[in-house]
Amino acid sequence: MLEFKKIEDDGNVATFEYYPEGKGEPGTVVLDRSVGIVSVLSVSPNDRHGRYAEHMFAEARRMLRDGSVRDGGTVFWY
């Protein structure tokens with residue numbers, strides 16, 4: 001599980017912080033609507049194998065595809 005929140009959005013580029021297990025130091029993911037690219041800027045120190053970053057990356061790709069960039073939320077997986 002991870003929690004994320006949007007920290008910046010200029011209409012083209014949205015920046016998110018994600019928190020593994022909802023706590024600790026965040027990682028950062030950027031969604032660029034103008035070119036349709038999602039990038040991981042930094043991996044949280046609490047994300048030892050980058051799995052949380054992968055899930056946040058996938059969530060940002062879904063938001064980009066759906067055209068619904070949310071202010072924040074929680075991502076669960078099995």
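Over how many bridges do β2 and β3 pair, and in which sense? In this predicted model, β2 and β3 pair over six bridges, in the antiparallel sense.

Five strands form an open sheet, and their order is β4-β3-β2-β1-β5. The pairing is antiparallel. The edges are taken by β4 and by β5 (72-75), each of which pairs on one side only. On average, neighbouring strands of the sheet are turned by 25° against each other, direction ignored. Helix α1, residues 51-66, packs on the sheet. The helix touches β1, β2, β3 (27-32), β4 and β5. Its direction makes about 150° with that of β4. In general, strands of a sheet pair through backbone hydrogen bonds, either parallel or antiparallel.

Strand β2 also pairs with β1. Strand β1 covers residues 2-9 and strand β2 residues 13-20. Seven bridges join them in the antiparallel sense. E3 has Y19 of β2 as its bridge partner. K6 stands opposite F16, which is also in β2. The hairpin of β1 and β2 has three residues between the strands. There, G11 takes a positive phi near 100°. Strand β2 is mostly covered, with seven of its eight residues buried.

Charged side chains come next. The count of salt bridges comes to six. K6, which faces F16 across the sheet pairing, forms a salt bridge with D9. The closest N and O atoms of K6 and D9 are 3.2 Å apart. K6 counts as partly exposed because its relative accessibility is 23%. D9 has 33% relative accessibility, so D9 counts as partly exposed too. Both residues belong to a network of salt bridges that links K6, D9, R33 and D71.

Helix α1 carries charged pairs as well. The side chains of E59 and R62 meet in a salt bridge, at 2.8 Å from N to O. These two residues are three apart in helix α1, so about one helical turn separates E59 and R62. Is E59 buried or exposed? E59 counts as buried because its relative accessibility is 9%, which lies under the 20% limit. R62 has 34% relative accessibility and therefore counts as partly exposed. Another salt bridge joins the side chains of R65 and D66, at 3.5 Å from N to O. Both R65 and D66 are exposed.

The surface also holds a nonpolar patch. Which residues form this nonpolar patch? The patch is formed by V40, V43 and F57. Together these residues have about 210 Å² of accessible area. V40 lies in strand β4, residues 37-42, and β4 is an edge strand of the sheet. V40 counts as partly exposed because its relative accessibility is 34%. That value passes the over 30% relative accessible area that patch residues need.

Terms used
Residues numbered from 1 in each chain as written. Predicted model: local features only at pLDDT ≥ 70, side-chain atom pairs only at ≥ 80, totals over all residues. Heavy atoms only, no water. Patch = residues over 30% accessible without salt bridge, like charges linked within 9 Å, V, L, I, M, F, W, Y side chains within 5 Å. Areas by Shrake-Rupley, 256 points an atom, 1.4 Å probe, with all protein chains shown as cover. Salt bridge = Lys/Arg side-chain N within 4 Å of Asp/Glu carboxyl O. Helix = DSSP H or I, 4+ residues; strand = E, 2+ residues; numbered from the N terminus. Buried < 20%, exposed > 50% of the residue type's maximum accessible area, 1.4 Å probe, protein only. Pairing = 2+ DSSP bridges. Axes fitted to C-alpha atoms, helices over the stretch in contact; angles between N-to-C directions. Contact = heavy atoms within 4.5 Å.
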